[in-house]
Amino acid sequence: MSTSLLDQVKAALATVNDPEIKRPITELGMVESVEVGDDGVVDTKVLLTVAGCPLKDTINRDVTAAVSKVPGVTGVNIDLGVMTPEQRQQMREGLTGGAAQREIPFAKPGSLTKVFAIASGKGGVGKSSVTVNLALAMAQQGLKVGIVDADIYGHSVPAMLGLADSRPTQVDDLIMPVPTASGVSVISIGMLKPRRDQVVAWRGPMLDRALVQMLADVYWGDLDALLLDLPPGTGDMAISLGQHLPSAEIVVVTTPQEAAAEVAERAGTMAEMMHQRVVGVVENMSYLPCPHCAAEGKDHRLEVFGSGGGERVARTLTQRFGTDVPLLGQVPLEPTLREGGDAGKPVVESDPTSASATVLTEIAGRLAGRSRGLAGMQLGLTPSSRF
Ligand SMILES: Nc1ncnc2c1ncn2[C@@H]1O[C@H](COP(=O)(O)OP(=O)(O)OP(=O)(O)O)[C@@H](O)[C@H]1O
Ligand SMILES: [Mg+2]
Ligand SMILES: [Zn+2]
């Protein structure tokens, strides 16, 4: 009788994932002991990966919830401890399969993760907004998604996702990406600075190390898609990316106004230099839906920044590469998009029926649909990715 209750409790514990690593705590060696008393009270010792783990409240709550559900359990006592260096080492080896360090999983042949680098000719065109919304929309569509904020000038991605004050947990030299509420994993170059207020002039080799660190030393698990927010223009970061992840596909963000030739030229040069593919163009701030006409149910678009930029960039790049570089979509100028970013809840989540969210969701579907790692296919190949 009590053995079977213990088994049920263990099964319940196996349903609890570590919030950062996203694998069952039982599998990670985090459950050191579990006992059930004759009175139905469960005593368990759970080991955190590091002392002061920021997510210990979540683990505490999830363990309590899971174990309390087992019929016959009358109470749960959780003793939170910390892994020893040896236990952490064991966990690390389990996670990385004992692989050599500094290996970028996405660059390995046969990787099922689609990598999209979001690029623009100049700053302020909405690159970060597009990155976070595409990522969240893909996650809504059932994909496992990661974001690398590689913009050395801005690193605004964490704030847009409500993670401005978050720092990644580090288990020895393995870094855990910060999860958003909806489960997208995020790492920002701003999180790698030893101190937040430190001003770092990211250049050449240092930048290269930072990019490799974000790709190789971060435990991403099995992702369907990884999106990178690149610094505007061509530069050291783009060169590093091309060297370390030549399979990354470029998505160019532009406004309708921009001198098409210039943007296309820069994006094209970068992609050509790196032997990377440009998969499409997103035109942002395409038009302002006229609020007066919208109130009357009419579609009247105010072309605040002119028109045709996205179409022109797409056409120029298509000619240059001789392969189809489509205009993936036109995202309207909407206050709700800016507000979502400012509030840390991007528009595809905060206002999913708005015009901008609808277009961004459509673009995400188009990009995800082209993905090598189709959800169903991947399920069969790597069952361990389904945690
Ligand atoms: N379609 C839109 N409608 C309304 N506001 C927008 C839209 N796109 C972007 N914005 C706003 O414009 C500002 C700049 O956008 P964002 O930070 O995404 O651009 P960026 O290209 O990443 O800029 P930077 O070069 O500074 O990194 C933000 O305040 C954002 O909320
Ligand atoms: Mg930005
Ligand atoms: Zn009008």
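1. The protein chain of this predicted model contains 14 helices and 15 strands. Helices (H or I, at least four residues) and strands (E, at least two) are DSSP runs, numbered from the N terminus. Residues are numbered from 1 along each chain as its sequence is written, chains are lettered from A and ligands numbered from 1 in the order in which they are written. Local features need pLDDT of at least 70 and side-chain atom pairs count only at pLDDT 80 or more, whereas totals for chains, interfaces and linings use all residues; side-chain values use heavy atoms, with hydrogens and water left out.

2. On confidence, the mean pLDDT of the protein chain is 85, and 89% of its residues reach 70 or more; pLDDT is the predictor's confidence in each residue, from 0 to 100. Over residues 371-387 the pLDDT is below 50, and this stretch has 33 contacts in the model beyond near neighbours in sequence. A contact means heavy atoms within 4.5 Å. Where pLDDT is low, the predicted coordinates should not be read in detail.

3. Of the 387 residues of the protein chain, 50% count as buried. Buried means under 20% relative accessible area, exposed over 50%, and partly exposed in between (1.4 Å probe, protein chains only). Among contacts between residues at least 6 apart in sequence, 76% join residues at least 24 apart.

4. Which residues coordinate the zinc ion (ligand 3)? The donors are Cys290 (SG), Cys293 (SG) and His300 (ND1), at 2.1 to 2.3 Å, and their spacing in sequence is C-x2-C-x6-H. Donors are N, O and S atoms within 2.8 Å of the metal (3.2 Å for Na, K and Ca); water is not among the atoms, so sites may look incomplete. Cys290 is buried, at 7% relative accessible area, and Cys293 also counts as buried, at 16%.

5. The second largest pocket has a volume of about 300 Å³. Its lining comprises 18 residues, of which Ser129, Asn284, Met285, Leu337 and Arg338 are the closest to its centre. On a 1 Å grid over the protein atoms alone, a pocket is an open set of points where a 1.4 Å probe fits, with protein on both sides within 12 Å along at least five of seven lines; lining residues have an atom within 4 Å of a point. Grid points are joined across faces, edges and corners, and the volume is the space filled by probe spheres set on the points.

6. Helix H4 (127-140) and helix H11 (335-343) each supply at least two residues of this lining, and H11 gives the largest share, 5 residues. By class, the lining has 9 nonpolar, 6 polar and 3 charged residues. Ala, Val, Leu, Ile, Met, Phe, Trp, Tyr, Cys and Pro count as nonpolar, Asp, Glu, Lys and Arg as charged, and the others, Gly among them, as polar.

7. Met285 is placed in the loop between strand S12 (277-284) and strand S13 (288-289). Its phi is near 60°, a positive value in a residue other than glycine. Most residues other than glycine have a negative phi.

8. Two buried positions may be checked in the model. Lys114, in strand S4 (residues 114-120), is buried at 6% relative accessible area. Ser240, in helix H7 (residues 236-244), is buried at 4% and touches Asp208 and Leu211, not counting residues up to four places away in sequence.
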